[in-house]
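Morning, everyone. Please have the sequence and the structure open, and I will go through them part by part.

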Amino acid sequence: MATRNYSNHRYLDALKERVLVFDGAMGTTLQKMNLGAKEFGGEQYNGCNDCLVISFPEAVEKVHRSFLEVGVDVIETDTFRANRITMKEYGLQERVEEINQTAAELARRLADEYSHAPSYPFGALSPALPPEGEGSALSLRERNEVRERFVAGSIGPSGKLPSADDPELSNVSFDELADVFREQATGLLRGGVDLLLIETSQDILEVKAAITGIQKAFEQTGISVPIQAQVTLDTTGRMLLGTDMTAALTILEGMPIDVIGLNCSTGPEHMREPIRILGELANLPVSCIPNAGLPLNVDGQAVYPLEPEPFAEALLEFVDKNHISVVGGCCGTTPAHLKLLVEKLGERPQSGRPQSSDPRLASATSAMAMHQDPPPLLIGERCNAQGSKKFKRLLLAEDYDSILEIAREQVNFGAHALDISTAVTERPDEIELMRKVVKKLEMGVEVPLVIDTTELDVLETALKTAPGRCLINSTHLEAGRSKADKVFILAKTHNAAVIVLTIDENGMAKTGERKLEVAKRIYDIAVNEHGLRPEALVFDALTFTLATGDPEFANSAIETIAGIRLIKENLPGVLASLGVSNLSFGLAPQARPVLNSIMLYHCVQAGLDMAIINPAQVTPYADIPAEEKNLAEDLIFNRRPDALQRFIEHFETVSPESMENAAVDPTEDMTPEERLHWRIVHRHKEGVETDIDEIIVRETSEVLRNRHEVAVHTLNTVLLPAMKEVGDKFGAGELILPFVLQSAEVMKKAVAHL
C-alpha cells in the first residue's frame, strides 16, 4: 500500500480486509433504456450519457440502485467522458466541473443510503436466507451485514493519443492533458468520491498525464483520495499503441497510485495472461473489471455474450489463483452478473502482495530488466551528439528517420537501452530537438531511453514526451545539492531511475573509499528525503582515461573497480553503471574496443549492472587474443611501468582493416563442420548455408547418407555441441546475453537450412 497522506482512506482500509466488488456497466445499461433527446436535455446533447446527471438524474440513479441492490461495494460515477475535450463535442466544456461534482454527489448520496441500510443478502448462503420473520429467530436485517459502500470517480480517456504520430490525435501536450484531468478530478473530489478511477486507458502516456493532473487537483482542493489506474488491452495482450502488461506495470507502479489493473476491451478469458503477470509481479493490489465477453455485432448493435455464471466463475478463479484484490464488471455486465459474483465471492480476505520485484525500465511497448542475467545491461552510446559525429550531423539536418536507423542498429548489436543527448552548440533549441528525437524513438524501438542532458527543462520535456520508464543520465553534487534535488523531484514525479555520479563539491572522487563516501551522501538525499527507492539509483563510480600516462591516474581503473564493489556491498538495492569508453579516450580507434571490453569484463565481476558503450565494439572476454588481453590488463591494473607504451605500440601495427580481415581468417583452413561450429560460437550468420550445403553434398555422395540422416548427424555432432559451448561460456560469465541470443539466431538459421 502507498504511504501518502489521504484525507479519505476508507477505501484502502476496506481493501486491506476483503476483496471488493465494483458495479457493472453504466453505458450499456443506459442504452437499454432507449432515452431520447428530451431526457438528454435537447437534441444537441442526445447521446451524452454524462450530462444525464443534470438533465435526467433519475436514469443514472436507477442504474446505481440496481447494482447497490445486489450488494456491490463500489459504484462508479457517470462521468466516463466528462472531460473538457470530449464535452466540447456537445458544447458542455464550460460545465465540466459542475457535471463531475453533480455526478459524484448523486453517487455519494446513494452509497451513503446503502451503507446505512440493509440490502440484498451477502455471501454464498444468501439465496437460502428466508424472508424476514420466517423460519429464523434472526430477521433479515439482523443477518445481513451492514457495510460501507464507496464511490469511484470515473475518469475515462480524453479521445487523444499523445504517444501517436497522428497529427490530429496527438495534437495535445502533456501539460494540457494533465490540466484536462485536473479539472475533472476537482469536480469529482468536491462531490465526495472515495477514490479516483482512471479507466479504459489506451495510451500509457495519457495515464501518466492523468495521474499528474490528479495530483494537482489534490493540491487545489485539499482533498486526497486513493487512485486506481486501469488500462485496457486487446486480445493480443497490448494496449492500443502496443504497450504490453509488464511495460504498463513498470511505468505506472512507481507513480502515486494505489491499485493497478485492467478493465473493458475483452472478457475475462483474454485477460488470463496479463492477470497472471500482474498477480506475480505487482506490489500493489490488482483490479480486474472485464466486459461480459468480446462484443458481437448483431444488427448494428454491440452484444456482449458472456452469461453471469461463467463471468463470475472466471473472476473467482482470478481472485483465488492470481490473488486479485478488486473485481467488477464493465461493458455488457448487468445486475445479474454482479449478483452472482457477490454471492460466489462471499467474504474473501485479501491475499498478500509481493513486497519487492526486480527493477525494470520500459519503452512505450516493452519492459527491460535492469538486472540482466548475466550482466551488464548495455546502454548504446551512438545517439549522443557529444560523442557521435554522424548522429550530430543527422540531428542538425533533422533527419529523424536516419536517427531511428542508428538506434535500431544499436539494438540489433545488443543494446538494452539507448542514451539520448541532443545538445549541440550550433542550435539553441535543445528542448525541441530532444522532444522530436524522443517522440521518434519511443515508438520506433522497443528498448528504454536514457535521457542525457544537463538542462532541467530539457529533461522535463523528455520525461513528458516519453511514454516509458526512462533512466536519467545524470546528476551529482558538484555545485551542491540544489540541482540534484530538482532532478530527484522530476524522477519521483515521472517514475524515472537516475544515474548518479560520484562527484561532490570537491570534484570527482578518485579512490574507492571516496566514491563510496559520495554515494552514501547522495543515497541519503534521494532515498530518505525524496522517497526514491534504492533500485531507482544507478551509481556511476566514474573512470579516467588511461591514455595520458599521468602517474596520478595510473591506478584510476583499479579504484573504479574497487568503487563499484564497495558501493554494491554497502548500499543494498542500488545498481552500478559506468561510461566504459572514457577509459580509452585518446587512444587509437583500433585499440579502444579491446581495452573497453577488458575493463567491462572486470567491472562486471565487481558488480557492474550497466555499461554505457557502443555494443557493436564489445568483444567477449573469451574471444580476445591472449597477447592483447595481457597488454590491456597490464594497463588497467598498472602491473608494469611501460604498460601504456607497450599497449600503444602493439596497436600501432594493427589497422582497422587488418582487424576486419583477421575476423574472417580463422575459418580459412577449417572443414565445413569446424566453420559451422565457429560461426555459431562467434555469432556469424554469413556462410551458414554454404557450409551446410557442402556437408550435405559430401555426406550424401561419399558416406551415402540421405538428407535426413545428414541433418540429424550434423545437428548432433556440430550444432548442439556449438550451442553447449556458448552456454558454458554464458554460465562462466565470459559471454553476455546479447551474444548468446545472436548465437541462437545463427543456430536457428542453420537448423532451418538443414
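I start with a definition: two strands pair if DSSP finds at least two bridges between them. Helices (H or I, at least four residues) and strands (E, at least two) are DSSP runs, numbered from the N terminus. This is a predicted model, in which local features need pLDDT of at least 70, side-chain atom pairs count only at pLDDT 80 or more, and totals for chains, interfaces and linings use all residues. Residues are numbered from 1 along each chain as its sequence is written, and side-chain values use heavy atoms, with hydrogens and water left out.

Now the open sheet. Its 8 strands come in the order β1-β10-β7-β6-β5-β4-β3-β2, and the pairing is parallel. Which strands stand at the edges? They are β1 (20-21) and β2 (74-76), each with a single partner strand, so one side of each has no neighbour in the sheet.

β2 and β3 (residues 150-155) run parallel and are joined by 3 bridges. Within that pair, E76 stands opposite A152 of β3. On to the next pair: β3 and β4 are parallel too, over 4 bridges, and here A152 stands opposite L195 in β4. So what about β4: is it mostly covered or mostly open? Mostly covered, as 7 of its 7 residues are buried. Buried means under 20% relative accessible area, exposed means over 50%, and partly exposed is in between (1.4 Å probe, protein chains only).

Contact, for what follows, means heavy atoms within 4.5 Å. Axes are lines fitted to C-alpha atoms, for helices over the stretch in contact, and angles run from 0 to 180 degrees between N-to-C directions. Helix α10 (residues 204-221) lies across β3, β4 (195-201) and β5 (227-231), at about 165° to β4. Helix α11 (residues 245-253) also packs on the sheet, where it touches β5 and β6 (259-263) and makes about 145° with the direction of β6.

Next, the barrel. A closed barrel of 8 strands runs β13-β14-β15-β16-β17-β20-β21-β22, again with parallel pairing. On average, neighbouring strands here are turned by 25° against each other, direction ignored. As one example, β14 (residues 417-421) pairs with β15 (residues 449-452) in the parallel sense over 3 bridges, and D419 has V450 in β15 as its bridge partner. Helix α20 packs on this sheet, touching β17 (497-501) and β20 (537-540), at about 160° to the direction of β20.

Now the cores. In soluble globular proteins, nonpolar side chains tend to be buried together. A nonpolar core is a set of buried Ala, Val, Leu, Ile, Met, Phe, Trp, Tyr and Cys residues joined through side-chain atoms within 4.5 Å. How many residues are in the largest one? It has 109, and F488 and F539 have the most contacts inside it. Helix α22 (residues 592-606) gives the largest share of this core, 9 residues. Setting aside neighbours within four places in sequence, the contacts of F488 include V498, I522, H530 and L537. A second, separate core has 90 residues, among them V19, V72, L92 and L262.

On to charges. A salt bridge is a side-chain nitrogen of Lys or Arg within 4 Å of a carboxyl oxygen of Asp or Glu. By this rule there are 51 salt bridges. One of them joins E529 and R481, with the closest N and O atoms 2.6 Å apart. E529 lies in helix α20 (residues 512-529) and R481 in the loop between β16 (471-475) and α19 (482-494), so the pair ties together parts that are 48 residues apart in sequence. E529 is partly exposed at 47% relative accessibility, and R481 is partly exposed at 28%. Another salt bridge joins E89 and R81 (3.5 Å, N to O); E89 is exposed, at 56%, while R81 is partly exposed, at 27%. There is also a network of salt bridges linking R10, R108, D112, E148 and D194.

Last, confidence. pLDDT is the predictor's confidence in each residue, from 0 to 100. The chain has a mean pLDDT of 91, and 93% of its residues reach 70 or more. Over residues 118-144 the pLDDT is below 50, and this stretch has 38 contacts in the model beyond near neighbours in sequence. Residues 658-665 are also below 50, with 3 such contacts.
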